[in-house]
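Here's a quick walk through this one, from the overall picture down to a few individual residues. Have the chain open while you read.

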Amino acid sequence: MDTTVHRIGLLGVTRLNARSPSPMPVQTCSRMPKTGCTCYNIPDNPAINTYYDGGVVSEDVLSIQSTNGLNSGQLFNIPLFIFSCVPSFLAAGLANGVKGTAGLGGSLIALPSQLACVFSFQRKFAICLSSSTSSNGVIFFGNGPYVLLPGIDVSKSLIYTPPIKNPFGIGSVLFLKVPSSEYFIGLKSIRINGKSVPLNKTLLSIDEEGHGGTKISTFTPYTVMQTSIYNALITAFMKELANVTRVVPVVPFGGRLRL
């Protein structure tokens, strides 16, 4: 087995344990424990639905370029950036050449929280994912402006939906019954052509075990639905497009239309 250790950013569901002498406080902007205390966490990789119970929490200097999108910006060094070291198997499923991930979850040790702590801005961020293989996307931390070419501040046209909390940590680390750091929104109904899709709306809520609800994910390339909701949506969609010719499904889809 490849035992090379890579630095990997703290992922969504994370628990910190201090083996000696006390846990590291994460409720406020804090520094690492004093010498003699080793902290461990449980980082996970949603791409392969796997976690590692033994990530070593460390600190290093993070260099980051700050710009408003209109100038070349300024390089800032963050001397006490918290990250986790894990075995190389946890980087499986990531893009070629990628050695780790940046945790963007809602936890207080995720990248947005650490930057907000250092630079004293609100804990918010925006991502523009590129559809091209030859150009990069962009991520903005804090308040606007979010300037993209050709000099347009896209923050002025954004529509905000308030997130809701999932009271349980679900995902790869199922035994961590703590509030999830993933992002959920309060979906109430689904409409097609202005008509409500008949479905069991209780499935849109998060139950007492953390299941259900509507999650925003950057790891799933297309929408995933509970079976009865999916079937109801497909039936309604086909009804509204009854006069449209269906085409042969493409990989990875088959048999029926998926959205």
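## Overall picture

Of the contacts in the protein with a separation of 6 or more, 52% are between residues 24 or more positions apart. Bear in mind that this is a predicted model. The chain has 259 residues, and 29% of them count as buried. Its secondary structure comes to two helices and 16 strands.

How far can you trust it? The mean pLDDT is 75, and 79% of the residues reach 70 or more. Residues 255–259 have a pLDDT below 50, with 15 contacts in the model beyond near neighbours in sequence. At the other end, residues 1–36 stay under 50 too, and here the model has 93 contacts beyond four places in sequence. Where pLDDT is low, the predicted coordinates should not be read in detail.

Which residues make up the largest nonpolar core? There are 11 of them: I190, I192, V197, L199, L204, I229, Y230, A232, L233, I234 and A236. Helix α2 (residues 227–240) gives the largest share, six residues. Another core, of seven residues, lies apart from it and includes F81, F83, L111 and F141.

Back in the 11-residue core, L204 is worth a click. Leaving aside residues up to four places away in sequence, L204 touches L187, K188, S189, L199, G213, T214 and I229.

## Around helix α1

Helix α1 spans residues 111–119, and its buried residues are L111, P112, S113, Q114, L115 and A116. What do they pack against? The answer is four strands: β6 (55–66), β7 (74–87), β8 (125–128) and β9. Just after α1, S120 takes a positive phi of about 60°.

The loop between β7 and α1 holds S88. Is S88 buried or exposed? It's buried, because its relative accessible area is 14%, and the cut-off for buried is under 20%. S88 and K99 sit 11 residues apart in sequence, and their C-alpha atoms are 8.0 Å apart in space.

Strand β9 (residues 138–141) includes I139. I139 counts as partly exposed, at 33% relative accessibility. Together with I127 and L129, I139 makes a nonpolar surface patch of about 270 Å².

## Salt bridges

Side chains of opposite charge can pair when their charged atoms come close. How many salt bridges does that give here? The count comes to two, and here they are:

| Salt bridge | Closest N and O atoms |
|---|---|
| E182 with K215 | 3.3 Å |
| E240 with K195 | 3.2 Å |

E240 is partly exposed at 26% relative accessibility, and K195 is partly exposed at 48%.

As for the E182 and K215 salt bridge, E182 lies in the loop between β12 (163–164) and β13 (183–185), while K215 lies in strand β16 (residues 214–216), so the pair ties together parts 33 residues apart in sequence. E182 counts as partly exposed at 23% relative accessibility, and K215 is partly exposed too, with a relative accessible area of 40%.

Key. Residues are numbered from 1 along each chain as its sequence is written. This is a predicted model: local features need pLDDT of at least 70, side-chain atom pairs count only at pLDDT 80 or more; totals for chains, interfaces and linings use all residues. Side-chain values use heavy atoms; hydrogens and water are left out. Patches are made of residues with over 30% relative accessible area and no salt bridge: like charges are joined within 9 Å, nonpolar side chains (Val, Leu, Ile, Met, Phe, Trp, Tyr) within 5 Å. Accessible areas come from the Shrake-Rupley method with a 1.4 Å probe; for residues, only the protein chains shown count as cover. A salt bridge is a side-chain nitrogen of Lys or Arg within 4 Å of a carboxyl oxygen of Asp or Glu. Buried means under 20% relative accessible area, exposed over 50%, partly exposed in between (1.4 Å probe, protein chains only). pLDDT is the predictor's confidence in each residue, from 0 to 100. Contact means heavy atoms within 4.5 Å. A nonpolar core is a set of buried Ala, Val, Leu, Ile, Met, Phe, Trp, Tyr and Cys residues joined through side-chain atoms within 4.5 Å.
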